[in-house]
Amino acid sequence: ADPRPTSKMRRSIPMARSLLAMPAMPQAARATGARFAGRWTTEKVPMGPADPILGLNDAFNKDTDPRKMNLGVGAYRDDNGKPYVLPSIREAEKRLFEKGANKEYAGITGIKEFNDASIKFAYGADSAPLKEGRIAAAQVLSGTGGGRLAFEFYARFVGKNVPIYMPDPTWANHLPMAKDAGLSLATYRYYNKKTFGLDLEGMLEDIKAAKDGSIFMLHACAHNPTGVDPSAEQWKEISALCKKKNHMLFVDMAYQGFASGDANKDAEGLRILVEDGHDLMLAQSFAKNFGLYGERVGCFSAIGSTVEETERLLSQIKILIRPMYSNPPINGARIVAAVLDDPILNKQWYAECKGMADRILAMRDLLKDGLVKAGSTKNWDHVTAQIGMFTFSGMTPEQVEKLRQEYHIYLTKNGRISMAGVTSKNVTYLAEAMHTVTK
């Protein structure tokens with residue numbers, strides 16, 4: 001063989017020499033392929049704070065005490081403390097499976113049958129905007145998705161950094177949802193810490209003081225976290241003043257049917273607003289009332305003053321949704337539509353939903369009675385006066401921490417108790433512990 005280097009070999013010699021001259025890569029870096037310096041430094045991407053609810057769950061899961069109670073999670077549990085799937089939901093799933101429904105994409109606004117059933121459920125079959133075709137509706141990713149869509153709409157068409165007035169307090173996730181959409185945050189008085197009830201006077205004063213045409217967010221029923229709702233007469237006062245001020249209203253409805261056990265009663269506040277002519281926006285969630293937490297089922301709707309305006313609203317809703325998540329998941333929406341559209345399943349669901357609400361109401365009675373029997377002389381009337389999944393107990397962060405450390409009872413620092421975690425088996429223990437830390 002010819003020992004002289006070929007042209008190809010001659011070209012490779014300088015490259016080989018340069019490689020030999022390079023400093024050796026550390027063994028650890030060669031083994032792992034690690035970079036010498038990270039791209040995402042702590043200055044660029046700092047560690048974010050843990051979600052308070054998820055952190056609470058982690059601590060609860062690690063607790064080995066058999067008496068432990070998780071009163072932080074907003075998900076229904078049966079009287080054995082177990083997750084509950086409604087029989088009507090199981091039956092709807094069975095029918096859908098036997099029907100052999102496909103798994104094709106839904107359109108941008110989701111499943112039409114679901115949207116039609118949802119707005120009828122919320123606004124009522126006799127609603128004027130519904131009958132006149134003035135409600136633009138889109139299936140969304142539960143209440144969070146509906147709220148974020150509303151906030152994005154306001155930011156685009158009302159303006160960035162425009163304030164949105166939220167009740168003080170409100171569900172914690174409302175704040176970053178609005179902020180991340182580009183709105184600025186403002187509050188109105190809602191909860192009276194002295195009476196544990198509604199601060200109607202303060203609320204009306206703040207609605208009146210806000211600039212005409214401001215955006216106000218309202219909870220339709222079972223206000224989270226306080227469980228305090230306006231009465232029908234108070235809703236009429238709120239509606240009349242908002243109308244006079246020409247405020248834009250966004251209504252969050254996550255507990256229709258679950259709050260009182262009567263879906264029509266729970267929609268009373270919303271329907272008063274609609275009857276008064278508010279061109280409001282609404283986010284519905286079917287997580288709590290249908291037990292479809294992980295299916296992420298929701299409906300967003302907006303009322304137009306005319307059919308033509310409604311069509312324009314829907315066109316822009318589609319434009320907002322498309323780059324967000326393109327189109328929604330289909331399974332949960334099909335289940336809800338199957339239940340609401342079938343007279344037999346619908347009647348069954350109403351009974352089951354009332355059963356969940358009645359269990360929560362019964363636990364409120366038992367907790368209040370237990371506090372009295374434990375020897376508490378404090379006024380606990382708000383435990384039974386409030387409604388829905390949560391009780392705003394009035395306990396301080398220090399008392400909540402004492403419950404956790406000494407009694408293995410976990411709830412959020414603001415004293416909010418998820419009544420779904422209270423059962424006939426643990427309510428006495430909870431009452432005695434609450435009495436001890438609040439003495």
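This is a predicted model: local features need pLDDT of at least 70, side-chain atom pairs count only at pLDDT 80 or more; totals for chains, interfaces and linings use all residues.
Numbering runs from 1 along each chain as its sequence is written, and side-chain values use heavy atoms, with hydrogens and water left out.

**The chain overall**

- The chain has 18 helices and 13 strands, taken as DSSP runs numbered from the N terminus (helices are H or I, at least four residues; strands are E, at least two).
- Along its principal axes, the C-alpha trace spans about 105 × 60 × 55 Å.
- Of the 439 residues, 49% count as buried (buried is under 20% relative accessible area, exposed over 50%, partly exposed in between, with a 1.4 Å probe and protein chains only).
- Take the contacts (heavy atoms within 4.5 Å) between residues at least 6 apart in sequence: 74% of them join residues at least 24 apart.

**Pockets**

- Rolling a probe the size of a water molecule over the atoms shows where empty space is left.
- A pocket here is an open set of points on a 1 Å grid over the protein atoms alone, where a 1.4 Å probe fits and there is protein on both sides within 12 Å along at least five of seven lines; lining residues have an atom within 4 Å of a point.
- The largest pocket has a volume of about 1,100 Å³, a volume being the space filled by probe spheres set on the points, with grid points joined across faces, edges and corners.
- Its lining takes in 45 residues, and Ile53, Trp171, Ala172, Asn224 and Arg416 lie nearest the centre.
- Elements that give two or more residues to this lining are helix 3 (52-62), helix 7 (142-157), helix 8 (174-181), helix 17 (397-407) and strand 12 (409-410).
- Helix 3 gives the most to the lining of the largest pocket, at six residues.
- The second largest pocket holds about 400 Å³ of space, and 18 residues line it, with Phe60, Met69, Asn70, Gly81 and Gly421 nearest its centre.
- By class, the second largest pocket has six nonpolar, seven polar and five charged residues in its lining.

- Strands of a sheet pair through backbone hydrogen bonds, either parallel or antiparallel.
- Seven strands form an open sheet in the order 2-10-9-8-7-3-4, with mixed pairing (two strands pair if DSSP finds at least two bridges between them).
- Strand 2 (135-140) and strand 4 (184-189) stand at the edges with a single partner strand each, so one side of each has no neighbour in the sheet.
- From one strand to the next, the twist averages 20°; axes are lines fitted to C-alpha atoms, for helices over the stretch in contact, and angles run from 0 to 180 degrees between N-to-C directions.
- Strand 9 (281-285) and strand 10 (298-303) pair in the antiparallel sense over five bridges, and serine 285 has glycine 298 as its bridge partner in strand 10.
- Helix 8 lies across strand 3, strand 4, strand 7 and strand 8 (248-253), running at about 175° to strand 3.
- Helix 13 (307-325) lies across strand 2 and strand 10, at about 15° to strand 2.

- Most residues other than glycine have a negative phi, and most peptide bonds are trans.
- The bond from aspartate 168 to proline 169 is cis, with omega near 5°; proline 169 sits in the loop between strand 3 (163-168) and helix 8.
- Another cis bond runs from asparagine 224 to proline 225, with omega near 20°, and proline 225 lies in the loop between strand 7 (215-219) and helix 10 (232-244).
- Asparagine 161 has a positive phi, near 65°; this residue lies in the loop between helix 7 and strand 3 and is exposed, at 58% relative accessible area.
- Phenylalanine 196 has a positive phi too, near 60°; its place is in the loop between strand 5 (191-192) and strand 6 (197-198), and at 23% it counts as partly exposed.

**Methionine 356**

- Methionine 356 is in helix 15 (343-373) and counts as buried, at 1% relative accessibility.
- Not counting residues up to four places away in sequence, methionine 356 touches Tyr76, Tyr84, Leu86, Phe258, Lys288 and Asn289.
- Methionine 356 and aspartate 79 are 277 residues apart in sequence and 10.0 Å apart in space, C-alpha to C-alpha.

Terms used. Ala, Val, Leu, Ile, Met, Phe, Trp, Tyr, Cys and Pro count as nonpolar, Asp, Glu, Lys and Arg as charged, and the others, Gly among them, as polar.
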